[in-house]
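Student: I would like to go through the labels attached to this model and see what each one rests on. Please give the cut-off each time.

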Amino acid sequence: KVSKINIKSNKLVSVNLTTYNRAYLLSRAIESILKQTYKDIEILIVDDCSTDETEETVNFYQNRYKFIRYIKHSYNKGNAHSRNTAMNNCTGYYVAFMDDDDEWIDINKIKKQVEIFQKSSKNLGIVCSGITRYKEDGSQSKEHTISPKNLKSRILRGGLIHNSTVLTTKDILLELGGFNLDLPRGIDYEFFIRIVVLHNYSVHFMNDITCKYY
């Protein structure tokens with residue numbers, strides 16, 4: 001059983017990065033985390049039993065940065081399991097998500113989001129932001145976030161919150177019981193829906209573009 005982190009003075013941010021057979025992209029994601037101006041972080045990389053050079057890539061960074069932790073599944077369990085492994089093993093009060101094929105482009109992303117949480121009401125569940133979307137054909141588009149008039153209705157339509165822009169807390173992750181292991185896809189968004197619709201948390205939409213979303 002994992003106990004909640006209730007020490008409000010804990011400013012540590014756990015950046016939970018899940019990956020599988022994307023060693024050729026992983027360095028880009030890690031490097032973008034390392035550029036953050038907010039330094040009270042740990043990076044927890046959960047490897048879903050990759051068969052490529054993922055472990056060697058992580059070891060390269062672990063030898064240079066002691067706050068990078070690595071967990072490798074003994075067999076391929078799926079993304080929801082990986083996200084829950086990260087949830088159960090991270091130690092920060094705050095939790096940021098990073099997908100292995102994305103990268104942060106705002107070096108102040110975490111700093112801004114932590115400040116928003118610290119100034120907010122107890123009801124805040126997610127701080128997220130806009131993205132620059134990169135498509136396979138090479139085209140790109142900026143997608144800013146705007147707080148909808150009816151959050152619960154709008155979030156059910158999808159496409160509102162992007163995983164790699166999110167900051168939440170470990171207490172909220174534990175309260176919701178983590179990610180749904182029964183879903184083959186869309187686990188991130190189903191989780192966001194539960195935060196808002198079933199648990200009545202609010203969302204702060206930063207207008208900033210903080211992430212390249214591939």
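Tutor: Start with aromatic pairs: rings of Phe, Tyr and Trp (its six-membered ring) pair if their centres lie within 6.5 Å, and planes under 30 degrees apart count as stacked, over 60 as edge-to-face and the rest as tilted. Ring pairs of this kind link F97, F179, Y189, F191 and F192 into a cluster. The structure holds nine aromatic pairs.

Student: What should I know about the origin of the values?

Tutor: The model is predicted, so local features need pLDDT of at least 70 and side-chain atom pairs count only at pLDDT 80 or more, while totals for chains, interfaces and linings use all residues. Residues are numbered from 1 along each chain as its sequence is written, and side-chain values use heavy atoms, with hydrogens and water left out.

Student: What makes the aromatic pair of Y93 and Y94 edge-to-face?

Tutor: The ring centres of Y93 and Y94 are 4.9 Å apart and the angle between the planes is 90°. The distance is within 6.5 Å and the angle is over 60, so the rings pair and the pair counts as edge-to-face. Both Y93 and Y94 are buried.

Student: Why does R194 count as buried?

Tutor: Buried means under 20% relative accessible area, exposed over 50%, and partly exposed in between (1.4 Å probe, protein chains only). R194 has 13% relative accessibility and is therefore buried. R194 lies in helix α7; helices (H or I, at least four residues) and strands (E, at least two) are DSSP runs, numbered from the N terminus.

Student: Which residues does R194 touch, not counting those up to four places away in sequence?

Tutor: R194 touches L176, G178, F179, N180 and H199, where contact means heavy atoms within 4.5 Å. F179 is also one of the rings in the cluster.

Student: Why does K112 count as partly exposed?

Tutor: K112 has 27% relative accessibility, so it falls in the partly exposed class. K112 lies in helix α4 (residues 109-119). Leaving aside neighbours within four places in sequence, K112 is in contact with D106, M206 and D208.

Student: Why is N21 put in the partly exposed class?

Tutor: N21 is at 24% relative accessibility and therefore counts as partly exposed. N21 sits in the loop between β1 and α1, and its phi is near 55°, a positive value in a residue other than glycine. C49, in the loop between β2 and α2, is not a glycine either and has a positive phi of about 65°.

Student: Why are α1 and α2 called roughly parallel?

Tutor: Axes are lines fitted to C-alpha atoms, for helices over the stretch in contact, and angles run from 0 to 180 degrees between N-to-C directions. Angles under 35 degrees count as roughly parallel, over 145 as roughly antiparallel, 65 to 115 as roughly perpendicular and the rest as oblique. Helix α1 (residues 23-34) and helix α2 (residues 54-62) pack at about 25°, with their axes 9 Å apart. The two helices are therefore roughly parallel.

Student: Which residues make that contact between α1 and α2?

Tutor: A23, L26, S27, I30, E31 and L34 in α1 meet T54, T57, V58 and Y61 in α2. The residues of this contact divide into six nonpolar, three polar and one charged. Ala, Val, Leu, Ile, Met, Phe, Trp, Tyr, Cys and Pro count as nonpolar, Asp, Glu, Lys and Arg as charged, and the others, Gly among them, as polar.
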